[in-house]
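Here is a friendly walk through one chain, from overall figures down to a few side chains. Have the viewer open as you read.

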Amino acid sequence: MNRKGTFVLGMAALFVMCGFVASAGKAQPGQAAAPATEKKAEEQFKNIQVLKGIPADQLIPTMQFVAASLGVECDFCHVQGAFDKDDKKPKQTARKMMEMMFAINKDNFNGHREVTCYSCHRGSPDPVAIPVVMTEEPKGPMGGPKKPEDAGKEPAGPKPEQLIDKYVQASGGAAAIDKVTSRVMKGKIEFGGMSAAIDIYTKDPDMRVSFSHMPEGDNITAFDGHGGWMGAPGRPVREMHGGDIDGASIDADLHLATHLKQMFTEMKLQGTEKIGDHDAYFVVGQRDGKPPIQLYFDQQTGLLVRMVRYGETALGRLPTQIDYADYRDIDGVKIPYKWTLARPSGRFTIEVSEVKQNVPVDDAKFAKPAATAPAPK
């Protein structure tokens, strides 16, 4: 798939297209094994050797994690169109590296996943072994380690529950937010130096579909409240899995502001960070059985300016960062008219020019198209 297709399909996933990858593994300590009723990787894919026992829907995200950690594409390890083949040496090496990583975590961290592919590779096929020289004045990393004198101290600021309450009020109040039953947006999506018109339909409860109008036809990303799928001209429909489903359900929630508290089992204020030109409170919310979510609330307006969420894979977590901007009032509710979604595989920005709320939206818009039989040869 070319870069354009990757970015547009990435409206919900921005995934590295590894197709039907079959590269490897058995479940290790601290690594989720598939429930008895869920299909395992080796039951759905061919030639699985190292990642046996993981859920089948984690295999593709796991390959995405490898690709992002090494800064490579699928064909670095795999034979295009025959992902189960072992013809390429990097694939053999990757298996050995996975086993080494599992052993390091088992022998040194009680099986907890502390070391991942990215710990050494840092976006390069070759591990980084030599410290780099300083070429410019150092800048403090976002979310960097606390100073020794600050260790153990509780960050000063409002409680997370108060920040969410302020966010709800800044967005128009719970009553106004919960009255919204549908939202239709028109605008543009920009990615990789290209731009296209986009239409987004959202309907309660938790349904969302976007149509990116490309010259060759529409790229579609949809979530119907239970499952998600992505489609592009001339390509078969692709199901969403794992973290993509989780993210799509969050994006589809018209009442997210009023639902935030009930999403988390625990919330902690981590301090403040600079988001663009704004100071923001940084909150981490823990979820039962799912990766945590990071929320950044503008200190002045109270509005949500950034969300960072993670997709779980067998080798590590894949981050998705969404920055929200240009909040405007529509029918008494403030929503962002611009947002940028970034992942290791790429980024895109959506700018909205027209919004309508509480208008009829047919459920058929969110339905996955029926599979078509291949044309006879």
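The report below starts with the whole chain and then turns to selected elements and residues.

## Ground rules

This is a predicted model, in which local features need pLDDT of at least 70 and side-chain atom pairs count only at pLDDT 80 or more, while totals for chains, interfaces and linings use all residues. Residues are numbered from 1 along each chain as its sequence is written, and side-chain values use heavy atoms, with hydrogens and water left out.

## The chain as a whole

You will find nine helices and 13 strands in the chain; these are DSSP runs numbered from the N terminus, helices being H or I with at least four residues and strands E with at least two. Of the 377 residues, 46% count as buried. Here buried means under 20% relative accessible area, exposed means over 50%, and partly exposed lies in between (1.4 Å probe, protein chains only).

Among contacts with a separation of 6 or more, 51% come from residues 24 or more positions apart, a contact being heavy atoms within 4.5 Å.

## Helix 3

Helix 3 covers residues 59–70. Its 12 residues reach 17 Å from first C-alpha to last, close to the 16 Å expected at 1.5 Å a residue; the expected span is 1.5 Å times one less than the number of residues. Just after the helix, Gly 71 takes a positive phi of about 65°.

Because 11 of its 12 residues are buried, helix 3 is largely enclosed by the rest of the structure. The buried residues include Leu 59, Met 63, Phe 65 and Leu 70. Their cover includes helix 4 (89–108), helix 5 (117–121) and strand 11 (317–330).

## Aromatic pairs

A search of the whole structure finds three aromatic pairs. Rings of Phe, Tyr and Trp (its six-membered ring) pair if their centres lie within 6.5 Å; planes under 30 degrees apart count as stacked, over 60 as edge-to-face and the rest as tilted. One of the pairs is Tyr 201 with Phe 211, edge-to-face at 6.0 Å centre to centre and 85° between the planes. Tyr 201 is in strand 2 (residues 194–203) and Phe 211 in strand 3 (residues 207–214), so this pair ties together parts 10 residues apart in sequence. Both Tyr 201 and Phe 211 are buried.

Phe 282 and Tyr 296 also pair: their ring centres are 4.6 Å apart and their planes at 5°, so the pair is stacked. This pair links distant parts of the chain, with Phe 282 in strand 8 (residues 278–287) and Tyr 296 in strand 9 (residues 290–298), 14 residues apart. Phe 282 counts as buried at 10% relative accessibility, as does Tyr 296 at 4%.

## Charges over rings

Which residue lies over the face of Tyr 296? Arg 306 does, at 5.8 Å from the ring centre. A charge sits over a ring if NZ of Lys or CZ of Arg is within 6 Å of the ring centre and within 35 degrees of the ring normal. Lys 365 lies over the face of Tyr 201, at 4.4 Å from the ring centre.

Arg 306 belongs to strand 10 (residues 304–312) and is buried, with a relative accessible area of 9%. Its side chain makes a polar contact with the side chain of Asp 323 at 2.6 Å. A polar contact is a pair of N or O atoms within 3.5 Å; within protein, one must be able to donate a hydrogen and the other to accept it, and residues adjacent in sequence count only if both atoms are side-chain atoms.
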